[in-house]
Amino acid sequence: MKKLFKAFILTAAMTAIASGCSSQGSSGNGKTELTLFSTVTNESDQKTLTAVIKKFEDKNPDIDIKENYPADGYEGMLRVKMAANDMPDLFDTHGWAKNRYGEYTEDLSSMAWAESLDPALNPILKDDSGKVYAYPLNQAKDGITYNATLLEEYGIEPPSTFDEFMKALETIKKKSNGEVTPLWFAGSDKSAFGQFFDQFSTPLLVTDKENNFEKELLDGSFDWSNYTYLPEKLKEMFDKGLLNEDVLTAQNHQMTELMAQNKIGFIIGGGMLGPSVEELNPDVQLGVIPMPAIHEGDEQSWIGGERHTLAVWKDSKKKEEAKKFIEFISQPEIVKEIAEGTSLPPGLTNTESKNYYSEYFEKYKDIKVQPYFDRVFLPSGMWDPMGATGQELLTGTMTPKQVSNKMSEEYDRLLNQK
């Protein structure tokens, strides 16, 4: 009986050990399992990343990568994982490599590709000590996407100032007899308005020498009445019928089909839209411009930085395997594949790539790239009220001044939580 009991204990112990090994990375079939979480939501981008992962797995049959694309649930899931110190082996820092995820990331500066990191990404992915926080799959150059076919038909030059932008919207409404939406928002998602406010905050508050509030934004003394211009202009567009009638209920998935039908003039951001529209209607050509200048004498600016990245969790039991994957995707041919598959510039300088918008990026190559406004100047948590106030403005429950007041309240509250 004692022998039987000992055998039972030994079996249980061996099972526990095997179970422990499994939880630390074995997938049960002898492979090392890596978890990968990404903010990629665009279907074609997901296909690109999945294809690259499969290539890696084919070359490394002992490693199995489990990719996850939680979409809107990403931030919430990662906050829970940070609190539990149980991060994915590889994860997207989506613009917060240093400020939010810094203490969880492995330093990647010793990897060979780090020497090819595009200098434009240094302020976002590298610190003064030389630590590299994440690998850039691609980089963003956000501006305003427009229907180039439509603008050419109506004789409209792509705008370089906000006044020209407003005039272009009014011209589209007039020449199309209201059949084309001048500026389209998928406003059922508040982040659509967040994007508008965030991208236009840079030319309003940062790039112009006479209207530069960087110091005040960083030290907490910013007077938010200086922000009121943007909700005023958004309301003006709404009141003049320059936005889609269903602006507060329209959904993101409608955008591609409407643009392919020549029903949209402009979209804020939307840089990844081109290839999808081309599939539906190759006769519609999209273009992209940097953000128009708001103040007289100021220059246009791209809004950008990292688009999608992969950081390695510093406490992962599988850091070597995770780094092996990053080493694989940093090869020039894979860098090119990802950049072209996502229609964005690469994050490394070791290759050249062509994508849907290459001619526009080349045309505006001398335009400076400014970091996303909220990532530099606003405390974490401001994205939500930035978008929500846009919705409330257009429902009529807030005035432009009240929008600024609400932003001021949230800004102070979140700063004091730090």
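The following legends describe close-up views of a predicted model.

**Figure 1. Confidence along the chain of the predicted model.** The mean pLDDT of the chain is 90, and 93% of the residues reach a score of at least 70. Residues 1-24 have a pLDDT below 50, and this stretch makes three contacts in the model beyond near neighbours in sequence. Where pLDDT is low, the predicted coordinates should not be read in detail.

**Figure 2. The open five-strand sheet.** The strands follow the order E2-E1-E3-E11-E4, and their pairing is mixed. Strand E2 (63-68) and strand E4 (135-136) form the edges; each has a single partner strand, so one side of each lacks a neighbour in the sheet. Within the sheet, strand E1 (residues 32-37) and strand E3 (residues 90-91) run parallel and are joined by two bridges. Phe-37 has Phe-91 in E3 as its bridge partner.

**Figure 3. The pairing of strands E6 and E9.** Strand E6 (residues 144-147) pairs with E9 in the antiparallel sense, over three bridges. Thr-145 stands opposite Val-288 in E9. In a regular strand the side chains alternate between the two faces of the sheet. In strand E9 (residues 286-289), Leu-286 and Val-288 point one way, while Gly-287 and Ile-289 point the other way. All four of these E9 residues are buried.

**Figure 4. The second largest pocket and its lining.** The volume of this pocket is about 560 Å³. Its lining comprises 20 residues, of which Pro-345, Pro-346, Ser-353, Phe-361 and Glu-362 are the closest to the pocket centre. Strand E5 (139-142) and helix H14 (358-363) each contribute at least two lining residues. The largest share, four residues, is supplied by H14. By class, the lining consists of eight charged, six polar and six nonpolar residues.

**Figure 5. The surroundings of Thr-351.** Thr-351 belongs to the loop that lies between helix H13 (332-341) and H14. The relative accessibility of Thr-351 is 17%, and the residue therefore counts as buried, the limit being under 20%. Apart from neighbours within four places in sequence, Thr-351 is in contact with Pro-332, Val-335, Lys-336 and Pro-346. Pro-346 is also among the residues closest to the centre of the second largest pocket.

Figure 6. With a relative accessible area of 26%, Pro-275 is partly exposed. When neighbours within four places in sequence are set aside, Pro-275 is in contact with Ser-343 and Tyr-356. Pro-275 and Gln-285 are separated by ten residues in sequence, and their C-alpha atoms are 9.6 Å apart in space.

**Figure 7. The largest cavity.** The count of cavities of 30 Å³ or more comes to two, and the largest has a volume of about 60 Å³. Val-40, Asp-45, Leu-49, Leu-137, Asn-138, His-308, Ile-338 and Thr-342 line this cavity. The lining has four nonpolar residues, three polar residues and one charged residue.

**Figure 8. The second largest cavity.** This cavity holds about 30 Å³ of space. Its lining is formed by Lys-141, Asp-142, Gly-271, Arg-307, Ser-343, Leu-344, Tyr-357 and Phe-361. Three of the lining residues are nonpolar, two are polar and three are charged. Ser-343, part of this lining, is also a contact of Pro-275. Phe-361 lines this cavity and is one of the residues closest to the centre of the second largest pocket.

Notes: Residues numbered from 1 in each chain as written. Predicted model: local features only at pLDDT ≥ 70, side-chain atom pairs only at ≥ 80, totals over all residues. Heavy atoms only, no water. 1 Å grid on protein atoms, 1.4 Å probe; cavity = no way out; pocket = protein on both sides within 12 Å on 5 of 7 lines; lining within 4 Å. Points joined across faces, edges and corners; volume = space filled by probe spheres on them. Nonpolar A, V, L, I, M, F, W, Y, C, P; charged D, E, K, R; others polar. Buried < 20%, exposed > 50% of the residue type's maximum accessible area, 1.4 Å probe, protein only. Contact = heavy atoms within 4.5 Å. Pairing = 2+ DSSP bridges. pLDDT = per-residue confidence, 0-100.
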